Amino acid sequence: LLLMIWFAAQLLQQMTQVKITEQPFLVSNAQHLNQIVWTMIGNTIKESIYCVSEAPVSQLRFVCLDCEQKNITDMVPALNSAQDLTRSAGFPTVVLKLSTVNANWTGATVVCQAALNGGTVDSAPATVDVRFLRQPHVVDSSGQGPVLIQSQGYRFYVECQRGADGFCSQSGRRKTLRCNVQSHPPATTFRWLKNGVATSGNGAEITIGTEIIGHSLQCSANNGLYSDIETPTSHAVQIDPYSTARIVQDNFQTVQQLAPFQAGNRIEMNNDVNLQCVVEGNPRPVVYWKLRRNNGQVVDAPCPQGYDGVYTEVPVNTLAGLQSSVTRLKSTCTMRVSNYSFSGQYWCSACSVVSQGQPECSPGLDTPGSSVLNMQVQGPPMQSDAPITIEQMPNNNNAIISVHYCAEPAPRPPREIVFNIDQNDIQVGQRWENFRFENNVQNNTVANCFLARLQIAPVREEDQYRTIYLKVQNQFGAKQIPVSLDSLLGGGSALSSRLSGLWIVLIVLVALLLACCCATAICRKMHLLCFNGMKKDHEDYGDAKSAMGNVNVRSTLYDNDLPPRIYHQHQVLPSSSEKASSQRSPSVQEGLNYAEMRLANRQPVGAPSMRVDAPPQSMLSSGPSTVLSARTSQTHHTVVNSIV
């Protein structure tokens, strides 16, 4: 029976149909879609996708099988937004209406899944195909878009070489533009519009020249998703004449011939230099100031660059009063020579920004033209931007300190460059203790800069506390460069490394004193070592006190009912019956009285010796008729005094 039930369930599951359709038809009449097509027209999706089945299935849903593998993360939430239409349709149905889709969903595999008897039933897979066409854009042959000029719109430029009549000749370079569009499937139909009117060109590219100057261009593209009158069209791009930016004149030669420049293009520090370049072109040119240092490195000169530069517009003289098609500007670069990094070769570059890519410049930004300004800075020695370095030898405890400095003219050894170590000067090649001034060499990469090398062999602990300077001078001044071996040799990590030996000894003594105080307090508290005897003395005193506490002095010396007898009385001999009674049952008082008498023998040191004999039996009687002898009375009197 169980086997028959299982077989029937499997048969029912195989007979159950689940389909993905375009319309909510009965599953028996619906046509399954092998491809789910979503078409984006603008920002809207016009297709709705359905999943239909039959009873007794439930919980229909769309599932993406390979979204994780294809790294599609935004499709699963979209599929989970399907709405249940089972109640209105009369059979299991869900619909998927999306407001937006992503182009990278194309190629994903989707199924519709239904729940049945604790299991699931899947439809046949369907492949997603997202069709779209975005707005096209006009770009140049390198893929760069037009220049957006504020309040003037988009601009492309065509080279214009004007003749004597002021018009552009046809011999200028022509420009190729392309209609760039993102679409799926790819766009197959293109159209170009001049001032809003279709032209003869119908390809993705168009080549224009001076004949199109002053007009606007647009392009449209279609991949079959739009009608001819609804084809998306690009923004209009204005075509303007392009005159290559060029340098008209500069003041480099004039500046080098006047003060503060000296012979050999030399200039002293803390002087101002004013450089000027006059450029022209269309569109409005910009100027970049460049510096090539003596090591060949090209950097921006210390001047405002590009659109941030300082410009003054210069009028252009034209023939017959014709309006000039170019803009002429004077760019100014004012700098104060403050250090040796200003040494090098300066030039200006006139650039035209004709697209969103790199500007077109003349001369180039990396190579100077024929007109340059050479500057050789001279002044007092200065510390270089390069930090002081230390090189430690791997096989021994030696080190070499390298100190970088710049000077023009260079210091002349041996007196103009020395290392000062604890007020001791050493020149090149000289030694003081474990320090040696090894050499002074010129930097191969930076002009006017040098390298002084100090050897330490061997490195000792006290070296990090030494005061070291590199003293350099020339005809313009002197400079002392401090060298901190404390930081170079790794000092400063611990406080003890900075303290002198005297302070270290003092700290150790204080620590020992504190340790002794603590040990003494512990021994006194625990009665250890030398404090053990004090404890025994206290114990003996306590024992004696306890023993005396157990002696009933009052019952021994006095009767409970009679007053104490401290005076001598005649002894009365006991009767025979009292003797017998005393011998038969000795009382506790007898032992206590005897103990008192023995305790009386312990006399203080220096006291006169007193011999106490054992009391006779008759004296130890506690009866009321007992009369103590004069000697016994005196002994008892001594015991009482000792206890008190």
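**Note on the disulfides**

1. Cys303 and Cys333 are joined by a disulfide, with an S to S distance of 1.6 Å; a disulfide here is a pair of cysteine sulfur atoms within 2.5 Å. The pair connects distant parts of the chain, 30 residues apart: Cys303 lies in the loop between β24 (298-300) and β25 (310-314), and Cys333 in strand β26 (residues 327-337). Strands (E, at least two residues) are DSSP runs, numbered from the N terminus. Both Cys303 and Cys333 are buried, where buried means under 20% relative accessible area, exposed over 50%, and partly exposed in between (1.4 Å probe, protein chains only).

2. The model is predicted: local features need pLDDT of at least 70, side-chain atom pairs count only at pLDDT 80 or more, and totals for chains, interfaces and linings use all residues. Residues are numbered from 1 along each chain as its sequence is written, and side-chain values use heavy atoms, with hydrogens and water left out.

3. The structure holds 7 disulfides. One of them joins Cys51 to Cys112, with S to S 1.6 Å. Cys51 is in strand β4 (residues 48-52) and Cys112 in strand β8 (residues 109-116), so this pair ties together parts 61 residues apart in sequence. The link of Cys51 and Cys112 is left-handed, with -90° about the S-S bond.

4. A disulfide also joins Cys64 to Cys67, with S to S 2.0 Å. The torsion about the S-S bond of Cys64 and Cys67 is about 100°, so this disulfide is right-handed. Cys64 is buried at 15% relative accessibility, and Cys67 is buried at 4%.

Notes: Helices (H or I, at least four residues) and strands (E, at least two) are DSSP runs, numbered from the N terminus.
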